[in-house]
Amino acid sequence: QVQVVESGGGLVHAGSSLRLSCAASGSIFNINHMGWYRQAPGKERELVAGISNDGITNVADSVKGRFTISMDNAKNTVYLLMDGLKPEDSAVYYCYGNFNSASGTFRTLEAWGQGTLVTVSP
C-alpha cells in the first residue's frame, strides 16, 4: 500500500509564489515518476509537471518558465515551486506517484493525493 500527501496550498495575490510538497509513503522500493496535476471548476484535470526517477521533467506550456518541479529521492518527496502566480493558476493541485513496490517482482503501485487548493487573487 502506498499513499501521497500534498501540502503547501493557500490563498495568494497574483505575482506571488508558493511551494507545494508531496510526500510518498508505504511499501516503496523506489520512484518511477511523480507529478503534479491540477483541476479547476468545470475543467478537466491537466498535467502541470512531471519528473522521472532519472530527473527528466515535463512541464506544461501554460506554466513553463514559472513553475519548477523537483524531487528528493531520499525523502520520496516531489516539489512544485510556483513563481509568478496568475489567477488562471487557481485550482486544486493533485500529486500523482508511480512506484516500484518493495514487495513482489516487477510490481508497480500508483497513488493520487487528496489535493491542495491554490487560489490566486487578482
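Which side chain makes a polar contact with the side chain of Asn-100 at 2.7 Å? I looked it up: the partner is the side chain of Asn-30. I took a polar contact as a pair of N or O atoms within 3.5 Å; within protein, one must be able to donate a hydrogen and the other to accept it, and residues adjacent in sequence count only if both atoms are side-chain atoms.

**Ground rules.** The model is predicted, so I note that local features need pLDDT of at least 70 and side-chain atom pairs pLDDT 80 or more, while totals for chains, interfaces and linings use all residues. Residues are numbered from 1 along each chain as its sequence is written, and side-chain values use heavy atoms, with hydrogens and water left out.

**Asn-100.** I placed Asn-100 in strand β9, residues 91-101. Strands here are DSSP runs (E, at least two residues), numbered from the N terminus. The side chain of Asn-100 also makes a polar contact with the side chain of Asn-32, at 3.0 Å. I then listed contacts, meaning heavy atoms within 4.5 Å. Leaving out residues up to four places away in sequence, Asn-100 touches Ser-27, Ile-28, Phe-29, Asn-30, Asn-32, Arg-107 and Thr-108. Is Asn-100 buried, exposed or partly exposed? Asn-100 counts as partly exposed because its relative accessibility is 23%. The cut-offs are under 20% relative accessible area for buried, over 50% for exposed, and partly exposed in between (1.4 Å probe, protein chains only). I also checked Val-63: it is 37 residues from Asn-100 in sequence and 29 Å away in space, C-alpha to C-alpha.

**Phe-99 and the core.** Next I looked at Phe-99. Beyond four places in sequence, Phe-99 is in contact with Val-2, Val-4, Ala-24, Ile-28, Asn-30, Ile-31, Asn-32, Met-34, Arg-107, Thr-108, Leu-109 and Ala-111. The largest nonpolar core has 33 residues. Those that touch the most other members are Met-34, Trp-36, Leu-80, Met-82, Tyr-93 and Phe-99. A nonpolar core is a set of buried Ala, Val, Leu, Ile, Met, Phe, Trp, Tyr and Cys residues joined through side-chain atoms within 4.5 Å.

**Strand β5.** I found five of the seven residues of β5 buried. Strand β4 (residues 28-39) pairs with β5 in the antiparallel sense over six bridges. Pairing requires at least two DSSP bridges between the strands. Trp-36 stands opposite Ala-49 in β5. Six residues separate β4 and β5 in their hairpin, and Gly-42 in the turn has a positive phi of about 80°. On to β6 (residues 57-59): three bridges join it to β5, antiparallel. Ile-51 has Thr-57 in β6 as its bridge partner. The β5-β6 hairpin has four residues between its strands, with Gly-55 in the turn at a positive phi of about 90°.

**Ser-52.** Strand β5 (residues 46-52) holds Ser-52. Ser-52 is buried because its relative accessible area is 18%. Its side chain makes a polar contact with the side chain of Asp-54, at 2.2 Å. Not counting residues up to four places away in sequence, Ser-52 touches Asn-32, His-33 and Met-71.

**The four-stranded sheet.** I traced an open sheet of four strands in the order β1-β3-β8-β7, with antiparallel pairing. Its edge strands are β1 (2-7) and β7 (67-72), each pairing on one side only. Six bridges join β3 (residues 18-26) to β8 (residues 77-82). In β8, Leu-81 is the bridge partner of Arg-19.
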